[in-house]
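Good morning, colleagues. Please look at the sequence and the structure together.

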Amino acid sequence: MTDETYKSGFACFVGRPNAGKSTLTNALVGSKVVITSSKPQTTRTVVRGIVHRDDAQLVLVDTPGLHKPRTLLGERLNDLVKTTWAEVDVVAVCFPANEKPGPGDRFIVNELAKVRKSVKFAIATKTDLVTSEQLGEHLLAIAELGRETGTEWAQIVPVSAHSGDQVQLLADLFVDQLPEGPQLYPDGELSDAPEEAIVAELIREASLEGVRDELPHSIAVVVEEMGLKEDRPADKPLLYIYANLFVERDSQKGIIIGHKGARLKEVGMAARKQIEAILGTPVYLDLRVKIAKDWQRDPRQLRKLGF
Ligand SMILES: Nc1nc2c(ncn2[C@@H]2O[C@H](COP(=O)(O)OP(=O)(O)OP(=O)(O)O)[C@@H](O)[C@H]2O)c(=O)[nH]1
């Protein structure tokens, strides 16, 4: 007799920027889709990807980075992160194997240690970038960080999202932690995000390319209108997207738009290519930059922008 118990639940990746969380999410989901939540600005709220298996469904939730809050947005984001940690079945901290665990990692692990009831995994990501000796040292450093902070790692797992090494094992270990439960999403669904949210996130990502340090949290994207153009033949559809990109200040507007609009044009093209690849339809993207003054500090504007 086979065991027919079906399991379902949630896991969430945390880690410093560039730790490899999104890439690992994609590797687990098995699709190059950018996976996002039901709200705009998803990497800052919650990002979900869904791993479908015969025996289980694993919903991956991504959270924004935790940081020292300086604005109302910063505070809300940190609260959101901790609420998520307490609600998921597993919290997995990603430590890139090619970088020594540092103060940033310690900060995250310390905060996580305060959330007592969650099951915690440590993941050594990007293992393809290091030798086995280096990986060994890295794993010891992770274990040590656990001891120092009073964090009990249920698993310490080395993986490479690029080569695929151990990705399957990681999925199995996640599933082991899930409770018995029903299928939460229909077969084949990769994300519960409405298309508008995916599109907004792709535009935001493209607009941050190369200016992340200058404008870390200052950009919000709202898709105002999206639909198939009506006057097109059925075999030549064109998706019309009208989106606003909000920045806080005039100077930021200049950065986004660039000299004679050159940068905005690049952003639009990069975003359009990504959107077309994911939605499978040619896209006409109408992108405008607007100023929503100090939106991060203004509760009304935050609500309007989806926070
Ligand atoms: N060699 C190698 N590079 C990787 C691997 N996983 C991710 N990367 C690279 O590391 C960089 C960061 O990866 P992301 O997945 O965007 O990292 P993240 O943690 O989601 O980053 P944030 O969104 O900034 O928090 C990208 O350039 C990836 O291509 C891996 O397994 N091997």
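I begin with Val 223, which has 19 other C-beta atoms within 10 Å and is therefore partly exposed. On this scale a residue is buried if 20 or more other C-beta atoms lie within 10 Å of its own, exposed if 12 or fewer, and partly exposed in between, with C-beta atoms placed from the backbone.

Two remarks on the source are needed. Residues are numbered from 1 along each chain as its sequence is written. This is a predicted model, in which local features need pLDDT of at least 70 and side-chain atom pairs count only at pLDDT 80 or more, while totals for chains, interfaces and linings use all residues.

Val 223 belongs to strand β7, residues 220-228. Helices (H or I, at least four residues) and strands (E, at least two) are DSSP runs, numbered from the N terminus. Leu 245 is 22 residues away from Val 223 along the chain, yet their C-alpha atoms are separated by 8.7 Å. Neighbours within four places in sequence aside, Val 223 is in contact with Glu 196, Val 199, Ala 200, Ile 241 and Ala 243. Contact here requires C-beta atoms, placed from the backbone, that lie within 7 Å.

How many of the 14 residues of α6 are buried? The count is 11, so α6 is mostly covered. Among them are Ala 197, Ile 198, Arg 204 and Ser 207. The buried residues of α6 pack against β7, β8 (239-247), α7 (250-257), α8 (262-279) and β9 (283-291). Just after this helix, Gly 210 takes a positive phi of about 85 degrees.

Let me now turn to the chain as a whole. The protein chain has nine helices and nine strands. Of its 307 residues, 39% count as buried. Among contacts with a separation of 6 or more, 71% join residues 24 or more positions apart.

The largest nonpolar core holds 42 residues, of which Ala 11, Cys 12, Leu 58, Ala 92, Val 93 and Ile 123 touch the most other members. By a nonpolar core I mean a set of buried Ala, Val, Leu, Ile, Met, Phe, Trp, Tyr and Cys residues joined through C-beta atoms within 7 Å. Strand β4 (residues 90-96) supplies the largest share of this core, six residues. A second, separate core has 23 residues, including Ile 256, Val 267, Val 283 and Leu 285.

Ile 123, leaving aside its neighbours within four places in sequence, is in contact with residues including Ala 92, Val 93, Val 157 and Leu 170. Val 157 lies in strand β6, residues 153-158, and counts as buried, with 20 C-beta neighbours inside 10 Å.

Gln 166 sits in the loop between β6 and α5. Phi of Gln 166 is near 70 degrees, a positive value in a residue other than glycine. With 18 C-beta neighbours inside 10 Å, Gln 166 is partly exposed. Lys 126 also calls for comment: its phi is positive, about 60 degrees, although it is not a glycine. Lys 126 is in the loop between β5 (119-125) and α4 (132-149), and it is buried, with 23 other C-beta atoms within 10 Å.

In helix α5, residues 167-176, the buried residues are Leu 170, Ala 171, Phe 174 and Val 175. Why do the buried residues of α5 line one face of the helix? Seen down the axis, they fall within an arc of 135 degrees, where the arc is that of the directions from the helix axis to the C-beta atoms.

I close with the ligand. It is surrounded by 17 residues, the closest being Gly 20, Lys 21, Ser 22, Thr 23 and His 162; a residue is near if its C-beta atom, placed from the backbone, lies within 6 Å of the molecule. Helix α1 (residues 21-29) gives the most to this shell, with three residues.

Terms used
Two residues are in contact if their C-beta atoms, placed from the backbone, lie within 7 Å.
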